[in-house]
Amino acid sequence: MTLYLKLGGREAMVKAMPRLRARLEQDPCFDISRLQKEFERADDFTEFLIFLVGGAPFYDGKPICELLSPICTCNEVYERFVDHLVMVLFAGKRSETDETDLRQLMTTLRPQVLDPRPVDPIMVYSVEQELISA
């Protein structure tokens, strides 16, 4: 069973976003005023989480660095964000293994959130098939 199913699926993830926003607003480490629009809808972040935990085969929304970098400015703040996320997603049904899995997934994202690097554009050329030869 995927982590997505263990968390309760899409409905549970959507219901968790207002609780996450409330927790972040109460925590003095976060200034989510810059992200009011993101957290009013929370679609991109919700869809990203669904993808991250195995509920969708792809994600085509905003990059995670655009979603979280404005509020997660250092390692300590990022860890607090992960703590809040774990609390709202596992509210009342905590499993150490599942929580560890989510924390590991979020740890792999840390470099993209805290130190996003610009991606160089890639030039794509169109070449006639007959011109390609070995």
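## Opening question

At roughly what angle do the axes of H6 and H7 cross, and within what distance do the axes come? In this predicted model, the two axes cross at roughly 145 degrees and come within 10 Å. The sections below place this helix pair in the setting of the chain.

## Overall composition

The secondary structure of the chain consists of seven helices and zero strands. Along the sequence, the pattern therefore reads α-α-α-α-α-α-α.

The chain has 134 residues, of which 33% are buried. Its accessible surface is about 8,700 Å², and carbon and sulfur atoms account for 54% of that area.

## The largest nonpolar core

The largest nonpolar core contains 34 residues. Within this core, Phe45, Leu68, Phe81, Leu89 and Met106 touch the most other members. At least two core residues are supplied by each of the following: helix H1 (3-7), helix H2 (9-26), helix H4 (43-52), helix H5 (64-68), helix H6 (75-89) and helix H7 (96-114). H6 provides the largest share of this core, with eight residues.

## The contact of H6 with H7

Two packed helices are described by the angle between their axes and the distance between the axes. For H6 and H7, the crossing is right-handed. On the H6 side, the contact is formed by Asn75, Tyr78, Glu79, Phe81, Val82, Asp83, Leu85, Val86 and Leu89. These residues meet Glu99, Leu102, Arg103, Met106, Leu109, Arg110, Val113 and Leu114 in H7. By residue class, the contact comprises 11 nonpolar, one polar and five charged residues.

Met106 illustrates how this contact joins the core. Met106 is a residue of H7 that takes part in the contact with H6, and Met106 is also among the core residues that touch the most other members. When residues up to four places away in sequence are not counted, Met106 touches Leu52, Tyr78, Phe81, Val82 and Leu85.

## Helix H4

Which residues of H4 are buried? They are Phe45, Thr46, Phe48, Leu49, Ile50 and Leu52. Of these, Phe45 is one of the core residues that touch the most other members, while Leu52 is touched by Met106.

The buried residues of H4 pack against H1, H2, H5, H6 and H7. Gly54 follows H4 and has a positive phi, near 95 degrees.

Note on methods. Residues are numbered from 1 along each chain as its sequence is written. This is a predicted model: local features need pLDDT of at least 70, side-chain atom pairs count only at pLDDT 80 or more; totals for chains, interfaces and linings use all residues. Side-chain values use heavy atoms; hydrogens and water are left out. A nonpolar core is a set of buried Ala, Val, Leu, Ile, Met, Phe, Trp, Tyr and Cys residues joined through side-chain atoms within 4.5 Å. Buried means under 20% relative accessible area, exposed over 50%, partly exposed in between (1.4 Å probe, protein chains only). Helices (H or I, at least four residues) and strands (E, at least two) are DSSP runs, numbered from the N terminus. Contact means heavy atoms within 4.5 Å. Axes are lines fitted to C-alpha atoms, for helices over the stretch in contact, and angles run from 0 to 180 degrees between N-to-C directions. A crossing is left-handed if the near helix is turned anticlockwise from the far one by less than a right angle, and right-handed if clockwise. Ala, Val, Leu, Ile, Met, Phe, Trp, Tyr, Cys and Pro count as nonpolar, Asp, Glu, Lys and Arg as charged, and the others, Gly among them, as polar. Accessible areas come from the Shrake-Rupley method with a 1.4 Å probe; for residues, only the protein chains shown count as cover.
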